[in-house]
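This report covers helix packing and nonpolar cores. The sequence and the structure come first.

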Number of protein chains: 2
Amino acid sequence: MNTTFSEFQQKLVDIAQLKSAMAALNWDKDVFMPPKGSGPRAAMLSYLAGELHEKVVSREFLDLLRESKAAADSGALSEGESAIVREVWRDVSREEKLPVEFVKELAQVTSEAYLVWVDARQKKEFTLFAPYLKKIVALKRREADLVGFKQSPYDALIDTFEPYATTEEIAAVLGDLRNFLTPFLAKIRNSKANVRREAIAGDFDVEKQKVFCALVAKKIGYDFDAGRLDVSAHPFSTSFHPQDSRITTRYNPKEIIESISGVVHETGHALYEQGLPAKQFGTPLAEAVSHGIHESQSRLWENLVGRSSAFWTYFYPLLRNEFPAAFGNVSLETFYRAINAVEPSFIRVEADEVTYNLHVILRFEIERAMIEGDIAVDELPRIWNSKMKEFLMLDVPDDSLGVLQDVHWSFGGIGYFPTYSLGNLYSAQFFATARRAIPALDEEMARGEFGSLLKWLRENIHVHGKFYSAQDLAKRATGEKLNSKYFSEYITRKYSEIYEL
Amino acid sequence: MNTTFSEFQQKLVDIAQLKSAMAALNWDKDVFMPPKGSGPRAAMLSYLAGELHEKVVSREFLDLLRESKAAADSGALSEGESAIVREVWRDVSREEKLPVEFVKELAQVTSEAYLVWVDARQKKEFTLFAPYLKKIVALKRREADLVGFKQSPYDALIDTFEPYATTEEIAAVLGDLRNFLTPFLAKIRNSKANVRREAIAGDFDVEKQKVFCALVAKKIGYDFDAGRLDVSAHPFSTSFHPQDSRITTRYNPKEIIESISGVVHETGHALYEQGLPAKQFGTPLAEAVSHGIHESQSRLWENLVGRSSAFWTYFYPLLRNEFPAAFGNVSLETFYRAINAVEPSFIRVEADEVTYNLHVILRFEIERAMIEGDIAVDELPRIWNSKMKEFLMLDVPDDSLGVLQDVHWSFGGIGYFPTYSLGNLYSAQFFATARRAIPALDEEMARGEFGSLLKWLRENIHVHGKFYSAQDLAKRATGEKLNSKYFSEYITRKYSEIYEL
């Protein structure tokens with residue numbers, strides 16, 4: 001092995017140790033830390049962030065990176081080593097284009113903006129948040145200029161969430177998706193089919209919910225010897241290493257599908273993390289490809305699997321057995337329809353499979369136009385509300401149920417939203433391919449067997465880390481580039497049956 | 001404020017952030033980490049330990065220390081600042097006397113020795129461990145030579161656990177203690193009083209034990225907003241900051257006193273940590289004085305308070321109410337006697353208040369003699385067993401119940417044992433003084449009020465951090481230097497009544 005590269009790789013592992021330590025300390029902060037620990041913990045994490053930054057910008061590290069890049073360019077490294085260098089080079093090159101003052105200003109503005117956003121949302125007043133959003137948009141446009149882009153400044157922003165993706169490509173697939181969803185949703189609205197979400201209301205003991213959710217996670221393949229399931233205010237998954245990838249959820253004593261879906265979603269993320277190659281820890285070969293691909297794993301398990309008829313053929317008798325008061329008189333068919341009820345609503349994170357992507361497309365269209373300078377921040381509530389009317393036929397009553405609902409813009413996460421829909425599209429495309437590869441998939445799932453599916457995902461997605469770009473990975477796994485066809489077909493088939501279209 | 005000192009203090013805080021992060025990651029390791037996380041976590045902690053070491057030996061830090069020392073010596077610093085410099089200087093001076101090769105060798109030998117000790121104890125064969133203990137003793141004697149000492153090489157080893165203490169002083173107080181305990185234990189052995197530990201056997205639901213233990217911890221003053229109580233294989237307390245000081249215990253479904261005592265013990269440690277001045281975080285002024293003083297806080301709450309008649313006057317009715325099957329027919333008097341039963345046994349950590357110190361004195365005498373070259377490692381089992389016979393009239397059946405029972409020597413912790421007994425002596429001396437200052441202490445405790453006692457400990461012990469040495473702190477708090485009189489008086493009074501002597 002090339003000596004320089006080997007030293008470089010060691011530095012990557014060192015950096016990863018610090019990142020993992022911070023992830024573990026953040027996990028503790030969100031899951032178990034006592035309240036008075038928050039000030040000291042913030043100081044601890046801020047100190048470690050400073051240490052991490054120093055390592056990444058150190059001359060020693062950058063020299064090793066440059067020498068490794070030269071080695072890769074001259075053909076002295078293996079394919080895997082070259083992929084490592086390529087990805088680190090990509091990240092560092094971007095970082096190097098941002099002056100320290102710019103980074104500090106963005107950190108300062110977003111840190112203030114977050115608190116203002118919390119307040120504005122509570123008061124339902126977009127005008128409170130608008131001045132900060134203006135600053136953030138200006139800074140993000142400057143970031144795009146500093147980083148550089150080919151066609152749209154929005155390209156430069158997508159890039160941190162979905163490397164190698166472009167505005168044009170995303171606009172094309174989301175445009176197709178929108179063109180499918182809007183008329184399809186209209187058909188559902190006109191359906192007379194008996195689909196009632198209320199059919200599954202009830203009282204659900206939280207301790208019993210915990211046991212059931214853990215059973216589901218275990219059954220679909222989550223390795224509890226390499227992870228944990230805990231409670232936190234907001235569900236999340238985090239990973240310190242493929243051998244220690246943890247998930248959280250929250251429980252509502254009046255609702256159980258929320259926590260099961262949440263756990264299956266986070267388990268999907270964690271299965272990806274547990275499936276990354278441990279031997280490559282610290283390098284991009286043990287990192288997820290992109291936000292979109294990560295989300296494809298969570299959504300595949302949450303929706304394609306976890307809201308399927310086959311899945312519940314196995315789990316519903318168990319669920320009913322645990323909660324006879326709620327489900328004793330509810331048939332599998334009624335239950336299956338209830339958990340797949342389509343109901344346009346104001347809040348993205350509560351949306352069903354069909355309307356969810358319309359929430360995302362709305363945000364994508366708005367933030368792209370903001371960054372490309374086509375709409376002004378002050379116009380946002382009007383535009384938001386008019387799109388909600390157009391897409392979902394809803395009249396937004398106030399900004400907390402509208403333009404102020406998401407945290408993303410307050411932390412500068414412009415370019416993040418589309419990855420949610422990319423995840424949905426990738427998930428359907430992957431699942432369709434897996435289904436062809438595993439002809440008895442539905443029968444297996446109906447028997448509570450998910451091993452073949454997980455194996456397919458492991459071999460085709462997880463094990464590669466960042467060796468391929470998202471686009472290449474999809475092409476390699478499914479034989480074609482990302483498109484919305486598989487998702488549209490999946491939705492059409494499933495919901496035509498449920499809504500008797 | 002002196003600029004150099006202020007920079008020096010900032011470095012101390014940085015170092016403390018790293019130490020606290022490691023403590024939190026160790027806590028997670030022992031409490032919640034999934035099993036497959038252990039390899040990655042060891043690598044993470046080892047990396048952080050290396051980072052920590054680099055900071056402590058960095059020229060930048062050492063220069064700031066030297067300049068601060070000069071400022072302190074010239075009278076340019078405040079008393080508190082000077083105390084900070086004094087304690088850091090003390091630690092660093094010791095470290096600087098140990099060559100890197102020596103430190104590495106000791107780390108290597110003890111890391112191997114630990115595994116060998118685990119195996120030897122399991123196989124009950126001291127001869128397996130003996131070669132490693134010989135190496136450790138030789139290394140520790142060399143450490144004493146490198147560090148330097150006045151009278152005994154053992155002085156140099158005590159020093160890391162009990163700063164400023166000497167072998168001579170410790171031998172004197174422990175000698176007095178032994179002279180009191182041996183005849184007193186003989187009297188107890190001859191007593192015909194009805195004291196039966198079996199009186200409190202029963203079945204104790206673990207979830208109910210948890211609730212009860214948390215209640216006790218809260219009642220005696222543990223701030224759950226600045227800490228947590230969890231389960232671990234071995235009970236411990238750890239602190240990342242005075243606002244985040246956590247404890248653990250374990251539960252035995254056949255025994256409840258073990259877990260209550262364990263929790264009260266760890267709470268005692270945590271009350272000290274929570275009482276250290278948060279503003280001084282990172283400096284010795286927010287650190288415990290010594291192992292002995294730390295142990296005095298745990299033992300004061302565990303024994304002087306937690307095994308007292310006043311304490312149980314309040315808690316026993318509550319306990320009985322929670323566990324009526326076990327305690328319905330057991331009077332407070334019978335219960336009180338049972339939890340204070342004196343029964344010579346082989347294992348130190350299971351020993352009662354009276355015999356415990358004899359276990360410690362035995363170890364102190366043996367390890368001191370080993371380090372001073374008066375006995376050879378091969379003789380240890382024979383000497384151990386003969387002292388067990390002499391002190392406790394017990395015939396040790398095998399080495400796992402004898403010389404192999406403690407982990408300390410395997411990690412090189414020679415000089416640690418006596419601090420357990422110093423803790424017991426300090427606890428009795430502090431408690432006697434607190435009692436004089438709070439005339440109604442027993443009545444308060446019998447009403448479940450522990451605030452006055454905690455306030456006394458906060459003001460006289462906790463708040464000072466390492467400003468005073470243990471000796472000076474004790475003198476300041478109690479008016480006299482450490483002696484065994486208060487402990488002997490306490491034991492005599494309490495056990496004369498229980499055993500009707």
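Predicted model: local features only at pLDDT ≥ 70, side-chain atom pairs only at ≥ 80, totals over all residues.

Residues are numbered from 1 along each chain as its sequence is written, chains are lettered from A in the order in which they are written, and side-chain values use heavy atoms, without hydrogens and water.

Helices are DSSP runs (H or I, at least four residues), numbered from the N terminus. Axes are lines fitted to C-alpha atoms over the stretch in contact, and angles run from 0 to 180 degrees between N-to-C directions.

| Helix pair | Angle | Axis distance |
|---|---|---|
| H8(A) (residues 167–190) and H15(A) (residues 353–371) | about 140° | 9 Å |
| H8(B) (residues 167–190) and H21(B) (residues 485–498) | roughly 5° | within 11 Å |

H8(A) and H15(A) are therefore oblique to each other, whereas H8(B) and H21(B) are roughly parallel. Angles under 35 degrees count as roughly parallel, over 145 as roughly antiparallel, 65 to 115 as roughly perpendicular and the rest as oblique.

In chain B, Leu177(B), Phe180(B), Phe184(B) and Ile188(B) of H8(B) meet residues of H21(B), including Phe487(B) and Tyr495(B); contact means heavy atoms within 4.5 Å.

Phe335(B) is among the residues with the most contacts inside the largest nonpolar core, which has 137 residues. Such a core is a set of buried (under 20% relative accessible area, 1.4 Å probe, protein chains only) Ala, Val, Leu, Ile, Met, Phe, Trp, Tyr and Cys residues joined through side-chain atoms within 4.5 Å. Helix H15 of chain B supplies the largest share of this core, 11 residues.

How values were computed:
Helix = DSSP H or I, 4+ residues; strand = E, 2+ residues; numbered from the N terminus. Buried < 20%, exposed > 50% of the residue type's maximum accessible area, 1.4 Å probe, protein only.
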